[in-house]
Amino acid sequence: RIVGCLMCDTMHHQWLLLAACFWVIFMFMVASKFITLTFKDPDGYSAKQEFLFLTTVPEAGRFAEEKHFPGELKPTGKMLGDSRPAQPLVYLERLELIRNVCRDEALKNLSHTAVSKFVLDRIFVCDKHKILFCQTPKVGNTQWKKVLMVLNGAFPSIEEIPENVVHDHEKNGLPRLSSFGEAEIQKRLKTYFKFFIVRDPFERLISAFKDKFVHNPRFEPWYRHEIAPGIIRKYRRNRTETRGIQFEDFVRYLGDPNHRWLDLQFGDHIIHWVTYVELCAPCEIKYSVIGHHETLEEDAPYILREAGIDHLVSYPTIPAGITAYNRTKVQSYFLGISKRDIRRLYTRFEGDFKLFGYQKPDFLLN
């Protein structure tokens with residue numbers, strides 16, 4: 001009898017253990033299915049890319065629940081299986097910042113401009129893929145032009161594009177928005193994917209000065225022989241100074257509230273140093289994405305994905321560290337320039353600083 005009881009007890013424990021094993025296996029299968037559904041990549045991105053997306057956008061899930069976007073702001077990202085927008089929060093915040101600054105009456109003169117022919121001349125069109133790109137010189141625009149040239153079919157690949165063709169608007173196959181009729185312009189502005197790139201406004205001015213007046217790699221002699229003498233004649237304080245144009249002369253010209261009469265003489269060459277507002281009218285045109293030069297390694301692939309062209313073309317490789325903000329360089333260029341002249345320069349470009357979230361350069365102003 002005792003032996004029988006022990007055998008029954010042993011069998012009871014075995015049945016309990018077997019049931020527990022089945023329960024664990026069942027729970028594991030459920031968990032595996034859940035994980036598969038949650039992390040499945042809807043767009044065929046690699047596991048590494050999907051992980052980066054999930055860690056970059058910890059709050060993305062909030063948007064589906066709240067269904068709230070500031071004003072008319074709408075997500076342009078592709079949608080995941082659970083209807084969450086795949087647009088990282090940083091890009092939405094950039095657009096919202098622009099909307100808020102555009103509403104600021106105190107900055108209206110610095111943030112608004114007419115969508116004139118000058119602006120429409122800056123916007124390049126890719127009808128095949130419904131893309132508009134506003135050119136902001138000295139912010140890596142040459143590479144974006146190459147991307148559009150390939151998309152427009154002018155060249156089979158970026159590597160095959162000769163440098164001298166990129167900026168030749170008769171050969172690069174990039175139509176400007178200004179070349180269309182009014183109705184066609186409005187249709188494209190309303191329906192196409194629109195973007196442009198910005199960088200710290202003062203660092204951009206340094207780049208423009210170096211490129212056009214110091215190095216001049218594309219051999220554009222009119223900058224040194226026509227534009228520079230005009231700036232020197234009006235803005236150089238020491239008339240006995242015989243050196244070529246200095247950055248200080250350039251700063252005085254740009255910060256002068258009456259700079260426009262010289263601008264008219266210089267024509268379209270001023271595109272290399274006028275404000276982003278004057279170039280792209282961000283308060284009048286509702287852009288889809290604003291990229292930042294400082295984060296171009298992340299922004300360029302993101303823009304290609306959002307425009308739906310990442311499977312067709314890649315942005316050229318970005319050399320390490322080339323897009324990082326260089327405060328030391330900025331300080332060295334402004335060294336010796338009067339605070340009055342720097343403040344006047346900031347007053348002109350304040351709209352750019354505010355619209356695109358760049359910190360006021362107090363280390364230069366105070």
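## Charged pairs

In this predicted model, K212 and D211 meet through their side chains in a salt bridge at 3.2 Å, N to O. A salt bridge here is a side-chain nitrogen of Lys or Arg within 4 Å of a carboxyl oxygen of Asp or Glu. Both K212 and D211 are buried. Buried means under 20% relative accessible area, exposed over 50%, and partly exposed in between (1.4 Å probe, protein chains only). Salt bridges with shared partners also link R236, R237, E248, D249, R252, R340 and D341 into one network.

R199 and E203 form a salt bridge too, at 3.9 Å, N to O. R199 is buried, as is E203. The structure holds 23 salt bridges. Side chains of opposite charge can pair when their charged atoms come close.

## A bridge between two helices

K146 and E163 pair at 2.5 Å, N to O. Helices (H or I, at least four residues) and strands (E, at least two) are DSSP runs, numbered from the N terminus. K146 is buried, at 6% relative accessible area. E163 is partly exposed, at 49%.

## Nonpolar core

The largest nonpolar core has 94 residues. Such a core is a set of buried Ala, Val, Leu, Ile, Met, Phe, Trp, Tyr and Cys residues joined through side-chain atoms within 4.5 Å. W144, F213, Y253, W273 and F334 touch the most other members.

Leaving out residues up to four places away in sequence, W144 touches F133, F195, I197, L296, A300, I303, L304 and Y315. Contact means heavy atoms within 4.5 Å.

## Helix α15 and strand β4

Helix α15 spans residues 296–306. Its buried residues are L296, D299, A300, Y302, I303, L304 and E306. They pack against α4 (89–103), α7 (141–151), β3 (193–198) and β4 (289–292). Just after α15, G308 takes a positive phi of about 75°.

G291 is found in strand β4. G291 is buried, with a relative accessible area of 0%. Its contacts, not counting residues up to four places away in sequence, are R94, F196, I197, V198, D299 and I303. The C-alpha atoms of G291 and F196 are separated by 6.2 Å, though the two residues are 95 apart along the chain.

## Basis

Residues are numbered from 1 along each chain as its sequence is written, and side-chain values use heavy atoms, with hydrogens and water left out. Local features need pLDDT of at least 70, and side-chain atom pairs count only at pLDDT 80 or more, while totals for chains, interfaces and linings use all residues.
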